[in-house]
Amino acid sequence: MTRSGNAIASSLRREWARLRADPWDIAMLGAIPLALYLLTWWIFSAGVARDLPLVVHDRDQTAVSRNLIRMLDASPGLKVVLAADDEAEALRLIRARQAFGLVSIPADLQESVLAGRGAKVQWAYNAQFAAHSGSMTRDVRAVVATLSAGIELQARARRGAGPGQASVQIEPVQTRISTLFNENGNYIPSLALPVAFTLLHMFVTLAAVTAIGREFRAATVAEWLAAAHGKPAVALLGKLLIPCACFAVHALLLFVLFGVLGWPVQGSATSMLAGTALFITACLALGAALAVFTSSLRAALSASAFITAPAFAFAGQGFPLLSMPLSARIWAESLPLTHYLQMLNNTWTGGAPLRYNIAPVAILLAFTLGLGVAAWLRLARRMHQPATWGKQ
């Protein structure tokens, strides 16, 4: 074995001995992240939101209004929890989060329909919950449109129009809607999958920060470097190889977990594997840089939490990246997670081929090399500055 090989093996043995002596660190590399991945899958396992509660205030109390209430309750995404006597009671339920919307039926609904006049059904919803209100608004509109079309078809049929002619007269210009990806709006590929890899991002960075930061806290940098034969690059490699292998296995398990659930990778498997590997190394390099530049486990952990915990909010999953202010956009583009989730969305369910993922893969490689080299150069200086060791 070459001298570099001996140095890497020696560094790995020392790191493995340290991990075996600390069950908490072993759990952070294994059981704890895996439990959170499974918890994430379980939370979103229903896939599509069903039976979201709404309140109906029926002022009409006629056959038409009762038919509308039955249709609302029969819609898979909606559930009528109460036909309220007044709007105050309905608003109380909405404020108590026992319902997320109110359908208010006017007193003259049936009379207006029979007289051929227009009638308006008011739909009021709690926009604090965008996912709830968006789904419910779509379903309420569909139900009211179906009821309205049925009434109009019956009226035209009574006037002698055939079913086909009546349908064209009701809607002479039609919208043809085609969903390109995730046709049924399932939350597993659109939210659970990115959240799971965000957790991976947090744990990978934390593992690197903890492994290196503890050497500075315990003032054992000299022993750490001695095991690596005095080579900073080998010392970093010995620290990070075990977490890298562990979290590579985690990523493969996530591919199996979500792929087995009916969401296989639709695009380039090569770019997904390469991008995921580089995403893990980029997060390890980020954690190493934080630990080495601060020389303090406490400061590095704080910086890691500051960067990784809100990273999902900047990744464009909940709010469009292009609509963010310039400063937020710059911060988002400075995070490995942003580029990885873009590739994940494009490739996993979007079916993007390899050529569409060259840019994010190259960016993740740049993160790995840039932060890795920065950590190496800083450690080469820190090894000659024992006064910086021993910080909490």
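The structure described here is a predicted model. Arg-97 sits in the loop that runs between helix H5 (87–95) and strand E3 (101–105). Its backbone is worth a look as well: phi of Arg-97 is near 60°, a positive value in a residue other than glycine. Most residues other than glycine have a negative phi.

A positive phi also occurs at Ser-295, where the angle is about 55° although the residue is not a glycine. Ser-295 belongs to the loop between H12 and helix H13 (297–308). Is Ser-295 buried or exposed? Its relative accessible area is 0%, so Ser-295 is buried.

Helix H12 leads on to a helix crossing. The axes of helix H11 (residues 232–260) and helix H12 (residues 269–294) come within 10 Å and cross at roughly 140°. That angle makes H11 oblique to H12. The crossing of the two helices, H11 and H12, is right-handed. On the H11 side, the contact is made by Leu-236, Leu-240, Pro-243, Cys-244, Phe-247, Ala-248, Ala-251, Leu-252 and Phe-255. H12 contributes Met-272, Leu-273, Thr-276, Ile-280, Thr-281, Leu-284, Ala-288 and Val-292. Sorted by class, the contact of H11 with H12 comprises 15 nonpolar residues, two polar residues and no charged ones.

Aromatic rings form the next part of the picture. The structure holds eight aromatic pairs. One of them joins Phe-197 and Trp-348 in an edge-to-face arrangement, with 6.5 Å from centre to centre and 65° between the planes. This pair links distant parts of the chain, as Phe-197 lies in helix H9 (residues 187–217) and Trp-348 in helix H16 (residues 336–349), 151 residues apart. Both Phe-197 and Trp-348 are buried.

A further pair is formed by Phe-279 and Tyr-340. Their ring centres are 4.3 Å apart and their planes meet at 10°, so the pair is stacked. Here too, distant parts of the chain are linked: Phe-279 is in helix H12 and Tyr-340 in helix H16, 61 residues apart. Phe-279 is buried, at a relative accessible area of 0%, and Tyr-340 is likewise buried, at 0%.

Which residues do the ring pairs link into a cluster? The cluster consists of Phe-197, Phe-255, Phe-279, Tyr-340 and Trp-348. Among them, Phe-255 is also one of the H11 residues in the contact with H12.

Definitions and conventions: Residues are numbered from 1 along each chain as its sequence is written. This is a predicted model: local features need pLDDT of at least 70, side-chain atom pairs count only at pLDDT 80 or more; totals for chains, interfaces and linings use all residues. Side-chain values use heavy atoms; hydrogens and water are left out. Axes are lines fitted to C-alpha atoms, for helices over the stretch in contact, and angles run from 0 to 180 degrees between N-to-C directions. Helices (H or I, at least four residues) and strands (E, at least two) are DSSP runs, numbered from the N terminus. Angles under 35 degrees count as roughly parallel, over 145 as roughly antiparallel, 65 to 115 as roughly perpendicular and the rest as oblique. A crossing is left-handed if the near helix is turned anticlockwise from the far one by less than a right angle, and right-handed if clockwise. Contact means heavy atoms within 4.5 Å. Ala, Val, Leu, Ile, Met, Phe, Trp, Tyr, Cys and Pro count as nonpolar, Asp, Glu, Lys and Arg as charged, and the others, Gly among them, as polar. Buried means under 20% relative accessible area, exposed over 50%, partly exposed in between (1.4 Å probe, protein chains only). Rings of Phe, Tyr and Trp (its six-membered ring) pair if their centres lie within 6.5 Å; planes under 30 degrees apart count as stacked, over 60 as edge-to-face and the rest as tilted.
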